[in-house]
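This briefing goes through one protein chain by topic. The sequence and the structure come next, followed by the notes.

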Amino acid sequence: MTDLSVHQEPYLDQPQQPHQLSAQPPALPTTPAKGKKRGRPPKGEGKERTEAEESAKKAKRTLDRFNGMSVEEVMARKLPDVITHNLDMLIIGINPGLLSAYKGRHYPNPGNHFWKCLYLSGLTDEQLNHMHDQTLPERYGIGFTNMVERTTPGSKDLSNKEIREGGHQLLEKLQMYRPLIAVFNGKCIYETFCKEIFGVKAKNLEFGLQPYKVPETETVCYLMPSSSPRCAQFPRAQDKVHFFIKLKELRDQMKGVVRTQEIQETSYTFDLPLAKEDAKRLSIKEEQHDPGYEETCAHGSQQHTQQAFEVRPSTDTDQVSDNRWTMQPFDQLNILFLLLFYLIF
């Protein structure tokens with residue numbers, strides 16, 4: 001007989017051993033190091049990390065905003081004036097911002113209300129923007145300059161000395177070019193100019209035409225709110241349009257486009273004797289003979305006795321010229337007839 005070979009699995013030949021679990025000691029909770037607390041990170045660490053991330057994002061936005069230029073490189077730029085002789089008005093800002101210096105244009109910030117108010121007030125025939133600033137002197141007689149030439153991220157970065165010196169430099173420009181109106185775009189600019197040039201400390205300034213002229217010129221000063229959207233007193237464009245409209249009216253008045261309409265004060269008096277005479281004359285006129293009433297009485301119709309004393313509004317047949325109420329007229333024949341009737345019966 002042939003022996004049959006039986007295939008046996010190798011692991012079956014080996015005796016089975018019971019499964020043994022690895023005996024590992026349980027993990028003990030780690031003790032935090034001294035000086036560190038569980039849970040939240042220390043105060044300074046998270047704040048420093050957040051500030052670093054924000055600084056990196058801000059630097060990236062700045063590079064994107066100025067096409068790869070750093071803030072220092074933009075601050076090194078200057079914004080040229082748009083100015084010439086015989087201007088109707090010269091718009092005066094405090095100093096160039098970063099975006100203005102980068103683009104080389106005046107009021108390029110899309111949030112600034114200057115160009116919108118200029119159009120809404122009628123100072124320009126169409127809606128313009130910062131790309132048209134070079135054309136305004138020839139088209140509308142409007143120029144641009146700043147009190148301080150240095151570019152900064154904000155006006156708060158200027159020192160008081162710079163602003164005071166800028167006031168004297170502005171005076172030289174105004175005396176050289178002699179515009180009709182010097183328009184100060186913001187109270188801070190005019191306050192410094194007024195103190196440095198006129199020697200007057202301005203208090204409770206009101207917007208509009210100012211009482212002082214530029215020395216040695218006929219240039220008048222006009223103050224309006226800052227066109228910046230950060231102006232807390234007038235945060236919207238529609239709040240500032242009024243001052244641009246008044247500026248236009250001032251320009252037209254000074255150029256003779258609109259005649260000066262002087263307001264004359266009217267003196268009101270009361271004369272008691274004269275008033276009594278007028279009242280007496282009026283009452284006599286009302287008591288005078290009214291021919292219309294007599295004519296109405298002559299054409300009265302015959303009515304019943306009870307209807308004769310009835311008071312009613314005037315009609316087409318008995319209407320008085322002054323629309324007064326009348327009594328129905330009597331007819332003499334009717335009265336006599338009634339008397340005879342009572343005597344007989």
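Val71 is found in helix H3, in what is a predicted model. Because its relative accessibility is 23%, Val71 counts as partly exposed.

**Loop residues with positive phi**

- Asn67 is found in the loop between helix H2 (43–65) and helix H3 (71–75).
- Phi of Asn67 is near 55°, a positive value in a residue other than glycine.
- Asn67 has a relative accessibility of 64% and therefore counts as exposed, the cut-off being over 50%.
- Asn67 and Tyr102 are 35 residues apart along the chain, with 9.6 Å between their C-alpha atoms.
- Tyr107 sits in the loop between helix H4 (98–103) and helix H5 (114–120).
- Tyr107 is not a glycine either, yet it has a positive phi of about 55°.
- With a relative accessible area of 15%, Tyr107 is buried, whereas Asn67 is exposed.

**Helix H9**

- Arg251 lies in helix H9, which covers residues 237–255.
- Arg251 is a charged residue, and it counts as buried because its relative accessibility is 12%, where buried means under 20%.
- Leaving aside neighbours within four places in sequence, Arg251 is in contact with Asp88, Met89, Leu123, Tyr140, Leu180 and Ile181.
- Leu250 also lies in helix H9, and at 12% relative accessibility Leu250 counts as buried.
- Outside the four places on either side in sequence, Leu250 touches Ile181, Leu209 and Tyr222.
- Leu250 and Leu209 are 41 residues apart in sequence, and their C-alpha atoms are 8.3 Å apart in space.
- Ile181 is among the contacts of Arg251 and among those of Leu250.

**Packing of H7 and H8**

- Two packed helices are described by the angle between their axes and the distance between the axes.
- Helix H7 (residues 160–177) packs with helix H8 (residues 187–198) at an angle of about 75°, and their axes are 9 Å apart.
- H7 is therefore roughly perpendicular to H8, a term that applies from 65 to 115 degrees.
- On the H7 side, the residues in the contact are Ile163, Arg164, Gly167, His168, Leu170, Leu171 and Leu174.
- On the H8 side they meet Thr192, Phe193, Glu196 and Ile197.
- By class, the contact of H7 with H8 has 6 nonpolar, 3 polar and 2 charged residues.

**Nonpolar cores**

- In soluble globular proteins, nonpolar side chains tend to be buried together.
- The largest nonpolar core has 51 residues.
- Phe144, Phe184 and Phe193 are the residues with the most contacts inside this core.
- Phe193 is also one of the H8 residues that H7 meets.
- Not counting residues up to four places away in sequence, Phe144 touches Asp81, Val82, Ile83, Leu90, Ile91, His106, Tyr107, Phe114, Trp115, Asp133 and Leu136.
- A second, separate core of 6 residues includes Met69, Leu98, Leu99 and Ala101.

**The chain as a whole**

- The protein chain has 13 helices and 7 strands.
- Of its 345 residues, 31% are buried.
- Among contacts between residues at least 6 apart in sequence, 64% join residues at least 24 apart.
- The chain exposes about 25800 Å², and carbon and sulfur atoms supply 52% of that area.

Methods. Residues are numbered from 1 along each chain as its sequence is written. This is a predicted model: local features need pLDDT of at least 70, side-chain atom pairs count only at pLDDT 80 or more; totals for chains, interfaces and linings use all residues. Side-chain values use heavy atoms; hydrogens and water are left out. Axes are lines fitted to C-alpha atoms, for helices over the stretch in contact, and angles run from 0 to 180 degrees between N-to-C directions. Helices (H or I, at least four residues) and strands (E, at least two) are DSSP runs, numbered from the N terminus. Angles under 35 degrees count as roughly parallel, over 145 as roughly antiparallel, 65 to 115 as roughly perpendicular and the rest as oblique. Contact means heavy atoms within 4.5 Å. Buried means under 20% relative accessible area, exposed over 50%, partly exposed in between (1.4 Å probe, protein chains only). A nonpolar core is a set of buried Ala, Val, Leu, Ile, Met, Phe, Trp, Tyr and Cys residues joined through side-chain atoms within 4.5 Å. Accessible areas come from the Shrake-Rupley method with a 1.4 Å probe; for residues, only the protein chains shown count as cover.
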